[in-house]
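Here is a friendly briefing to read alongside the model. Please keep the viewer open as you go through the points.

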Amino acid sequence: MDLDFTQADHDFRMEVREFISNNFSQANASGQNIEKYHEVTSDQMKEGILDWHKTLYKKGWLAPHWPTEHGGIDWSVTQRYIWDQECANAGTTPLIPFGLTMLGPVIIAFGNDRQKDWVLKGILSGDDWWCQGYSEPGAGSDLASLRTKAEKVGDHYVVNGHKVWTTLAQYADWMFCLVRTSSEGKPQQGISFLLIDMNTPGIDVKPIITVDGGHEVNEVFLEDVKVPIENLVGEENMGWTIAKFLLGNERTGIAGVARSKKAINKLKEIANSEFNDGRPLIEDSSFNRKISELEVDLMALEYTELRTLAKESKGEGPGAESSILKIKGTEIQQKISELTLEAVGNYASPYLTPLSVRSYGSNYPEVGPDYSQGAAQNYFGMRKTSIYGGSNEIQRNIIAKMVLGL
Amino acid sequence: MDFSFSEEQTLLRNTIESFLQDNYGFDVRKAIIKSEEGMSNKNWQQIAELGLLGVPFSEADGGLDFGPVETMIVAEEFGKGLVVEPYIQTVVTCGGFLRRASEEQRQEHLPKIISGEEIWAFAYAEPQGRFNLSDIKVSASKKSSSLGRILSNDVYILNGNKCVVSAAPWAQKLIVTARTSGEQAEKEGISLFVVDKSAPGVSTRDYKTVDGSMASEVLFENVTLNSNSLIGEEGKAYPLIELVADETIAALCAEAIGAMSVLNDATVEYCKTRKQFGQPIGKFQVLQHRMVDMFMQYEQSVSMTYMVNLKLDESETERTKAASGAKVQICNASKFIGQNAVQLHGGMGMTDELNVGHYFKRLAMIETQFGNADHHLKKYSSVS
């Protein structure tokens with residue numbers, strides 16, 4: 001047991017750091033960067049996200065967690081940890097997880113050879129943007145009650161239904177979708193996993209504007225959408241197994257430790273610039289205490305994540321324990337956004353309209369200091385994190401059942 | 001980076017597990033803590049025979065030459081067994097000072113600790129000082145003649161009192177922090193002394209503590225200390241005290257996660273068997289989520305315990321951050337798990353008969369030992 005970095009690890013860190021500083025450009029990547037969020041149009045956002053994706057693809061560093069024969073890299077746990085740290089410190093654009101983290105491992109585990117070929121290639125090159133067709137108006141936490149139906153007609157499935165909360169579907173070329181192919185047995189037994197081309201006639205994507213004013217999620221309506229039978233992943237009616245496998249992968253890496261560290265540093269800078277009774281806010285004992293509590297919590301999560309990664313590298317996991325990472329990771333992210341909102345004080349108030357949805361009540365130029373821009377919107381938006389990816393209550397159910405045996 | 005235990009470490013854990021299974025059932029422990037002695041000398045000898053009293057000492061000093069991870073394993077297993085024999089006090093804390101003492105001092109004292117002949121206690125806390133390790137009124141002044149002339153450079157007279165000195169009733173020797181110069185809370189001017197408990201002028205009031213251990217109020221009245229009693233340099237002991245306090249915290253964290261794991265397992269088991277409203281109460285989601293939160297607190301505490309034990313050799317700032325951060329987590333988790341284990345056991349959790357309350361009490365005392373969550377949160381904040 002040790003926390004040592006080898007000379008090779010240090011060399012790796014230097015190599016990674018140099019690569020990032022030479023190749024990552026803040027200017028091309030403002031899409032996901034909250035400070036610049038309001039200045040970016042929808043199309044620029046997509047380009048910005050893909051810019052870093054494509055840079056990493058060229059370098060071969062896009063999918064470290066995939067098996068090497070499919071374009072992954074055999075980085076050690078320590079190397080992946082270093083990579084995440086360096087990316088967070090440099091503030092690189094977060095990669096879009098739908099292909100890389102969610103669908104990729106599913107195709108590797110359950111897909112046929114043809115699917116492995118075209119799906120994985122499209123994910124890596126960035127030519128195919130995937131979205132996730134899981135939730136429905138009547139199927140949120142109770143995902144297995146989904147009703148979007150796929151009927152086999154000749155060499156096609158005909159899909160009818162309604163998906164919701166589909167993140168960034170407005171950019172998507174493809175959707176991996178859970179559909180009902182049978183109504184017999186338990187609800188879980190009649191679900192299949194289909195790959196649907198978003199350009200197929202009968203698909204209609206409608207934006208949902210969220211409390212932060214942003215357009216990230218959508219409704220997707222499917223009306224008599226024809227999907228070739230070869231787009232079924234695995235066997236018919238085994239979709240639930242795949243769905244659970246995918247959600248398990250979604251939880252790893254969700255802790256976001258390195259990015260939370262960076263966000264806390266920014267919070268401290270803000271608290272240093274804001275004044276309270278003539279002293280920097282950071283010296284206020286009540287506020288300072290909240291920051292310290294958060295830091296200690298994050299420290300514990302960091303080592304919990306490292307323990308999980310270490311287990312994983314020995315082929316044991318990710319188990320249901322990874323639900324801890326989701327719960328604690330999102331609680332911490334939310335808390336940081338909450339304290340950042342508190343820190344900016346009165347200047348939390350001016351509304352910052354994202355350019356991509358600007359239609360009313362804009363405040364330009366911005367009101368208040370740079371660091372207050374978007375603080376409130378970010379706080380509002382972060383509430384989603386304990387709801388998505390299996391709500392934190394569902395995660396607790398998973399631990400209760402799978403770990404505690406209750 | 002590696003979080004796995006070596007074969008040797010696993011063997012060590014197994015040895016302690018079977019020792020506790022054979023000798024330290026809950027009823028045996030109950031009898032021990034109710035006895036006048038308050039601990040078992042027989043157990044202490046067996047712990048010595050297993051070599052455990054030599055874990056952190058170098059081979060040259062007669063020890064096993066193990067590091068913090070092995071100490072952590074011992075403390076965690078002792079935490080599971082709710083062991084009252086003063087392992088951490090003697091081996092980790094006093095041993096921590098002694099293994100950095102002079103060759104002569106090591107040769108004089110360590111064999112007696114390793115063989116189980118002597119128990120040691122660390123007398124640092126004072127009534128006014130709370131958790132501040134440098135708030136010291138106990139004084140050690142150079143001995144002077146009736147004419148006020150200094151007689152000897154290395155003879156000290158110790159005066160003052162120390163409070164709640166854990167394990168002191170069983171100890172033959174004390175390590176005492178005393179002021180040789182400077183103002184009351186100054187970090188400069190603090191020295192460490194080995195004091196024989198039977199020396200003239202040392203008196204104690206011994207008592208049982210709420211967690212089944214024992215402690216003393218210790219009074220020093222003109223206790224003469226010879227030149228061998230000073231550990232390290234006069235007036236320069238504070239950095240060493242902080243280091244050994246952090247090592248002690250690391251061991252206390254390990255003891256705490258041992259105790260927490262027993263409480264969590266017991267609570268889950270109980271909720272699976274206890275029936276109300278026609279079903280096991282563990283079927284109720286409100287209790288399931290409570291137990292998940294207990295489990296998460298435990299896992300986060302395990303992470304912090306590994307972390308601090310692996311960071312004891314780092315720079316002072318990093319070490320302080322690690323130790324204070326870990327202690328905050330362990331204090332919060334001890335409270336949460338202790339309180340909820342009692343709550344979920346209902347009335348049974350309140351009884352002296354069941355082990356749950358005993359673990360709860362030990363965890364509550366670990367919270368205050370070497371500084372509670374508030375103290376360490378402030379300390380963490382001062383270095384981060």
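Ile231(B) is found in strand 8 (residues 230–231) of chain B; strands here are DSSP runs (E, at least two residues) and helices are runs of H or I of at least four residues, both numbered from the N terminus. This is a predicted model, in which local features need pLDDT of at least 70 and side-chain atom pairs count only at pLDDT 80 or more, while totals for chains, interfaces and linings use all residues. Residues are numbered from 1 along each chain as its sequence is written, and chains are lettered from A and ligands numbered from 1 in the order in which they are written.

**Around Ile231(B)**

- Ile231(B) counts as partly exposed because it has 19 C-beta neighbours inside 10 Å; a residue is buried with 20 or more other C-beta atoms within 10 Å of its own, exposed with 12 or fewer, and partly exposed in between, with C-beta atoms placed from the backbone.
- Leaving aside residues up to four places away in sequence, Ile231(B) touches Phe97(B), Ala101(B), Gln105(B), Leu192(B) and Val194(B); contact requires C-beta atoms, placed from the backbone, to lie within 7 Å.
- Phe193(B) is 38 residues from Ile231(B) in sequence, yet their C-alpha atoms are 5.8 Å apart in space.

**Chain B as a whole**

- Chain B holds 11 helices and 10 strands.
- Its radius of gyration is 22 Å, close to the 21 Å that the globule rule gives for 384 residues, so chain B is as compact as a globular protein of that length; the radius is taken over C-alpha atoms, and the rule is 2.2 Å times the number of residues to the power 0.38.
- The C-alpha trace of chain B spans about 85 × 45 × 40 Å along its principal axes.
- Of the 384 residues in chain B, 51% are buried.
- Among contacts in chain B between residues at least 6 apart in sequence, 71% join residues at least 24 apart.

**Nonpolar cores**

- The largest nonpolar core has 155 residues, and those with the most contacts inside it include Phe193(B), Ala121(B) and Met291(B); such a core is a set of buried Ala, Val, Leu, Ile, Met, Phe, Trp, Tyr and Cys residues joined through C-beta atoms within 7 Å.
- Helix 7 of chain B gives the most to this core, with 18 residues.
- Apart from that core lies another, of 55 residues, among them Leu62(A), Phe98(A), Ala172(A) and Ile191(A).

**Where the chains meet**

- On chain B, 31 residues are in contact with 29 residues of chain A.
- Helix 7 (238–273), helix 8 (285–310), helix 9 (316–345) and helix 11 (373–383) of chain B each give two or more residues to this side.
- Helix 8 of chain B provides the largest share, 13 residues.

**Strand 4 of chain A**

- What covers strand 4 (residues 174–180) of chain A can be read from its burial: 7 of its 7 residues are buried.
- Trp174(A), Phe176(A), Leu178(A) and Arg180(A) are buried on one side, and Met175(A), Cys177(A) and Val179(A) on the other.
- Strand 1 (residues 130–133) of chain A pairs with strand 4 of chain A in the parallel sense over 4 bridges, with Cys131(A) and Met175(A) as bridge partners; pairing requires DSSP to find at least two bridges between the strands.
- Strand 5 (residues 191–197) of chain A pairs with strand 4 of chain A in the antiparallel sense over 7 bridges, and here Val179(A) has Ser192(A) as its bridge partner.

Technical notes: Two residues are in contact if their C-beta atoms, placed from the backbone, lie within 7 Å.
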